[in-house]
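Please read them beside the sequence and the model.

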Amino acid sequence: MTHIHERPPEGAAADWTIPQDWSAYTPRDHAMWDRLFARQAAMLPGRAVPEFMEGLDILRMTKPGIPDFTELSDRLMQRTGWQVVAVPGLVPDRLFFEHLANRRFVAGRFIRTPEQLDYLEEPDVFHDVFGHVPLLAHPVFADYMQAYGEGGLRAERMGAIDRLARLYWYTVEFGLIRQGDDLRLYGAGIVSSHGESIFALDDPSPNRLGFDLKRLMRTKYRIDDYQQSYFVIDSFEDLLRQTVETDFAPLYHALEGAPDLEVDTILPEDRIYTLGTQAYARGRFTK
Ligand code: HBI
Ligand code: FE
């Protein structure tokens with residue numbers, strides 16, 4: 001959750017958007033995009049859900065390097081009615097939800113430096129565009145993102161943003177999806193990360209558990225390292241259906257006073273795809 005002032009930074013509009021200023025990118029910026037793109041595009045076939053791979057084509061622009069948001073938005077608009085707008089960094093929750101509810105995806109304008117190749121704290125244009133935009137070209141996922149934005153505006157009025165943010169985290173950012181007997185990646189935080197694209201599917205360390213809306217809203221998450229539990233949806237249709245058909249108000253109410261679950265907790269009612277060894281996490285976070 002972003003606890004930052006509502007006043008937009010210098011040079012930003014009231015809704016925090018800024019011009020992308022595509023012509024200001026340097027050859028090094030574009031080279032960084034191309035390098036990251038090539039690395040992920042080569043490793044994701046067979047790992048990412050086919051809908052993501054299909055959506056990747058929307059990023060292949062007429063100009064090389066970082067996509068021009070104007071051209072990208074034109075294409076996305078034709079497919080699903082979404083746009084991509086530039087922002088300086090994290091925007092306040094309410095504005096973030098408002099943009100999503102109006103089918104505008106806010107994307108960082110800057111690109112990481114070579115020193116930040118595999119880890120950075122604020123979302124850059126590679127995470128935001130490579131990670132998030134391909135699925136915005138998918139009609140069902142596009143509707144889910146809008147529904148999430150609308151749900152965010154309601155959650156804000158009910159003081160339940162922290163609960164709802166966990167839904168975003170464990171689906172939009174770090175979600176896995178079942179495909180027949182296999183698991184596939186779809187979360188933007190995973191598919192934009194070389195290391196986590198391998199870890200999330202192949203490593204014996206993390207738990208992989210069936211998606212359960214209420215359970216997931218109680219579950220803490222890691223912002224500083226690979227996740228210790230991933231949640232697996234059955235389909236985008238099922239995710240959208242559960243999100244729009246559920247009245248979240250009673251859910252938030254029922255969860256009041258329910259203790260948070262740790263990142264590695266397993267409950268008797270969990271549907272377990274993989275019971276993680278947590279060896280990776282133990283090595284990283286020895287107390
Ligand atoms: N701002 N630019 C940007 N990108 C995000 O992903 C983002 C944000 N502000 C708030 C936010 N995410 C989350 O805290 C909400 O999902 C709750
Ligand atoms: Fe993201």
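1. Contact here means heavy atoms within 4.5 Å. Helices (H or I, at least four residues) and strands (E, at least two) are DSSP runs, numbered from the N terminus. The model is predicted, with local features needing pLDDT of at least 70 and side-chain atom pairs counted only at pLDDT 80 or more, while totals for chains, interfaces and linings use all residues. Residues are numbered from 1 along each chain as its sequence is written, chains are lettered from A and ligands numbered from 1 in the order in which they are written, and side-chain values use heavy atoms, leaving out hydrogens and water.

2. Helices α6 and α11. On the α6 side (residues 139-157) the contact is made by V140, F141, D143, Y144 and A147, which meet F236, E237, L239, L240, T243 and V244 of α11. By class these residues are eight nonpolar, one polar and two charged; Ala, Val, Leu, Ile, Met, Phe, Trp, Tyr, Cys and Pro count as nonpolar, Asp, Glu, Lys and Arg as charged, and the others, Gly among them, as polar.

3. Geometry of that pair. The axes of α6 and α11 (residues 236-245) come within 9 Å and cross at roughly 25°. Axes are lines fitted to C-alpha atoms, for helices over the stretch in contact, and angles run from 0 to 180 degrees between N-to-C directions. The two helices are therefore roughly parallel to each other; angles under 35 degrees count as roughly parallel, over 145 as roughly antiparallel, 65 to 115 as roughly perpendicular and the rest as oblique.

4. Aromatic pairs. The whole structure holds 21 of them, a pair being rings of Phe, Tyr and Trp (its six-membered ring) with centres within 6.5 Å; planes under 30 degrees apart count as stacked, over 60 as edge-to-face and the rest as tilted. F141 and Y144 form a tilted pair, at 5.8 Å centre to centre and 55° between the planes. Both residues lie in α6, three residues apart, about one turn of the helix.

5. Helices α7 and α12. Helix α7 (residues 161-173) packs against α12 (residues 248-255) at an angle of about 110°, with the axes 10 Å apart. That makes α7 roughly perpendicular to α12. R163, L164 and L167 of α7 make the contact with F248, Y252 and L255 of α12. The classes are five nonpolar, no polar and one charged.

6. The sheet. Five strands form an open sheet of mixed pairing, in the order β4-β3-β6-β5-β7; two strands pair if DSSP finds at least two bridges between them. Its edge strands are β4 (182-185) and β7 (272-274), each pairing on one side only. From one strand to the next the twist averages 35°. Helix α9 (residues 194-202) packs on the sheet and touches β3 (176-179), β4, β5 and β6, its direction making about 160° with that of β4.

7. Strand pairs. β3 and β4 run antiparallel and are joined by four bridges. They form a hairpin with two residues between them, and G180 in the turn has a positive phi of about 60°. I177 stands opposite R184 in β4, and I177 also stands opposite I233 in β6. Strands β5 (residues 207-210) and β6 (residues 229-233) pair in the parallel sense over four bridges, with L209 opposite F231. β5 and β7 pair in the antiparallel sense over two bridges, and R208 stands opposite T274 in β7.
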